Amino acid sequence: MFHIFQYQPLRLITQNNLSSMCLKLMLSRPVAFAQIWKSWFSSHSLLGKKNIILMGPPGAGKTTTGRIVGQKLDCPVIDIDDDVLETTWNMSVSEKVQDVGYEEFLEEEGKALLTVSASGSVISLSGSNPMHAAGMQHMKKNGIVVYLDVPTTVIMNRLKSKGVDRIVGLSPGISLKDVLQFRKQFYKRWFDIRVLCGGDVAAEIVAEKVLDAVKRYQDSELETFISTRSSRSGRSTEEDSHKLYFSDVVTQGLALDGGLFVPERGLPKFTAEEWQGLIEATYSERAQVILERCIHPADIPASKLAEIIETAYGENFSCSKVAPVRHLAGNQFLLELFHGPTASFKDFALQLVPHLFAYCIPRSCNYLILVATSGDTGSAVLDGFSRLHDTDKQRIALVNFFPEDGVSAIQKSQMIACQKENAWSVGVKSDFDFCQTAIKQIFTNSDFTGFLTVEYGTALAAANSINWARLLPQIVYHASAYLDLVHQGIISFGSPVDICIPTGNFGNMLAAFYAKIMGIPIRKCICASNENNVLTDFIRTGVYDLRGRKLISSFSPAVDILKSSNLERYLHLIANEDGQLVTQLFNQLENQGHFQLQKDLLGKLQQDLVAGWCSDEDCLAAIHSVYSTTGYILDTHTAVAKVVADRLQDRTCPIIISSTAHYSKFAPAILRALRIAEINQNPLSQLHLLSSYSALPPIHWGLLETLKKTGNGDHQVCAADMSVMMSHIETLIQNHFM
């Protein structure tokens with residue numbers, strides 16, 4: 001058996017003479033002693049008895065990086081090829097492959113891996129080691145597996161420059177690229193940590209990234225969350241001791257003080273090289289890399305996260321690109337976010353979040369998810385939570401509150417059709433702002449939430465964009481859109497783009513701004529409102545004023561919103577995390593109906609955001625104009641963004657317009673825009689009429705099927721009264737969990 005138990009010379013100090021040696025060195029050379037002690041403590045606190053195991057394709061730099069990491073930690077370095085395989089076999093790896101053949105080689109290599117017994121070492125695997133399950137399971141028992149993730153094209157260029165034209169598995173009819181792509185599934189199966197390695201990144205830098213990644217992996221204390229209304233200077237020792245992590249904020253949803261959760265140390269940053277390494281990646285691969293950086297592995301391990309992402313985006317989206325970017329006209333591009341099962345951008349978060357939630361919650365409690373929707377969230381959240389495993393459905397239920405008369409007929413039909421045994425819709429005789437405010441007040445009503453916990457063993461949670469987990473998948477598609485433009489050759493990486501988004505609750509806009517913070521070269525975020533243009537006025541003047549304003553029903557109901565919840569997170573960010581100021585502003589909004597930003601904050605805001613609004617008439621005109629010139633049909637929300645983009649863009653760079661929903665969901669308005677004289681009131685008939693236009697994109701694949709299922713489906717309706725809503729919640733809990 002291959003053993004490595006001892007450390008390099010510094011660690012050959014025996015227990016008997018350690019004390020005397022330390023004493024002599026400390027007295028004679030205190031500076032040297034301090035440096036040696038720091039080095040010893042650093043490596044031992046980082047590694048302990050664990051090994052750092054470097055994994056990746058041939059040419060990833062595992063051997064060189066391993067040596068540098070070993071030097072920095074002053075610990076043993078083992079190269080599996082040189083120190084184990086060739087020593088065991090007394091022949092080179094290439095000779096062994098020729099001697100026994102590919103299949104037998106993998107088995108022999110795996111058996112050799114099983115003989116390795118090491119502690120506190122840096123181990124560089126061979127490129128094919130991860131293909132032997134038993135060998136990798138053995139290595140993982142005492143190791144942290146670090147995947148050096150290098151783009152396939154970079155690996156191929158490296159191997160070519162070194163004159164390497166053969167690797168294990170290469171045979172006639174199988175290309176080098178095919179072998180490298182095939183191996184990726186095994187790397188993804190085994191790694192604990194991913195380190196992105198671009199084309200020209202020096203091994204020294206990769207080694208530092210490995211050490212930083214291992215430190216992060218071992219210290220989840222670094223990634224805690226705070227409320228937008230908490231004050232750093234005013235926090236008590238008790239508050240500091242009660243740290244909140246990703247798992248906590250996913251399940252809790254809203255902070256106890258009424259604020260929204262944000263990461264205490266901010267969002268992770270990607271280098272330009274790291275982003276460029278994702279240009280050729282699939283959508284799911286990009287999502288995996290970005291979310292790994294945003295979710296600590298102590299909350300959700302990389303392997304589980306990969307499983308969740310595959311479940312969310314694997315077969316539930318009708319387009320293989322998931323979120324394709326389509327050229328519209330001139331310098332305008334559409335980010336199509338409607339290929340999910342319920343035909344809106346909400347699917348990106350709500351196919352993913354239910355599985356994150358199910359993984360994070362404790363098994364000892366039942367959970368009821370409360371949701372308020374202005375339209376699209378309703379069907380998306382119902383569909384997402386209804387796809388959970390049966391065992392999870394037994395302990396997780398959902399109730400969706402929506403304005404009974406404030407959504408389109410098709411949206412309402414969707415919400416009725418998407419109801420399942422653990423998911424229900426309740427119409428409220430009011431508007432979205434009432435629904436959202438009521439849910440926030442229910443969450444902060446400790447008497448009611450405590451009663452539910454004690455009486456029924458049930459806790460409440462949120463799945464609106466007030467929940468931090470809802471925002472993360474939205475960051476992904478904004479980053480992916482930029483990378484797609486680079487991949488298509490429209491721009492080179494580093495060239496700026498503008499983004500225009502139809503905006504109501506500010507979550508989608510905030511996610512784009514977060515993508516910018518993380519390193520995507522977004523120049524301006526353009527906020528597009530309909531006639532409920534409180535956000536436009538605020539961005540232009542710094543005054544958020546709801547006094548005397550009433551919600552106006554429009555053809556773009558998903559942005560018929562006056563109180564934008566996620567604006568609070570943005571203001572907290574630009575105010576340097578001043579929770580006291582945020583509390584003051586939003587208390588004033590709640591009590592007096594308005595607030596005004598200080599001049600310096602308004603200046604910061606206007607560096608990031610510009611805004612405009614669009615009337616219903618201009619919205620319909622834009623739909624007609626675009627269809628007449630291109631054959632493409634915009635939905636009403638995308639048309640709002642198109643109108644505002646036309647007015648505000650300076651045409652010096654590409655602009656990506658978020659197409660947030662499929663036009664099929666708003667058939668009456670679309671038919672009116674296309675100047676159809678008589679419109680049948682039956683939603684199914686409306687979709688059949690639209691399908692006769694043979695437009696781009698075609699009628700949504702899932703919408704027709706969903707509406708066919710509606711039939712005589714029904715839903716509950718309640719008054720705009722907090723006590724009535726709480727009564728509905730209690731009844732639903734009794735019926736499902738008791």
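Domain bounds in these legends come from an automatic or database domain assignment. The structure is a predicted model, in which local features need pLDDT of at least 70, side-chain atom pairs count only at pLDDT 80 or more, and totals for chains, interfaces and linings use all residues. Residues are numbered from 1 along each chain as its sequence is written, and side-chain values use heavy atoms, with hydrogens and water left out.

**View 1. Domains of the protein.** The assignment gives domain 1 (44-218) and domain 2 (322-340 + 470-709). Their centres, taken over C-alpha atoms, are separated by 45 Å.

**View 2. The ring pair of Phe-357 and Tyr-367.** Across the whole structure, 24 aromatic pairs are found (Phe, Tyr and Trp rings, the last by its six-membered ring, with centres within 6.5 Å; planes under 30 degrees apart are stacked, over 60 edge-to-face, the rest tilted). Phe-357 and Tyr-367 form an edge-to-face pair, because their ring centres lie 5.5 Å apart and their planes are at 90 degrees. Phe-357 is buried at 1% relative accessible area, and Tyr-367 is buried at 8% (buried, under 20%; exposed, over 50%; partly exposed in between; 1.4 Å probe, protein chains only).

**View 3. A cluster of rings.** Tyr-283, Tyr-313, Phe-317, Phe-348 and Tyr-477 are linked into a cluster by ring pairs.

View 4. Lys-346 counts as buried at 16% relative accessibility. Leaving aside residues up to four places away in sequence, Lys-346 touches Asp-376, Thr-377, Ala-380 and Arg-470 (contact, heavy atoms within 4.5 Å).
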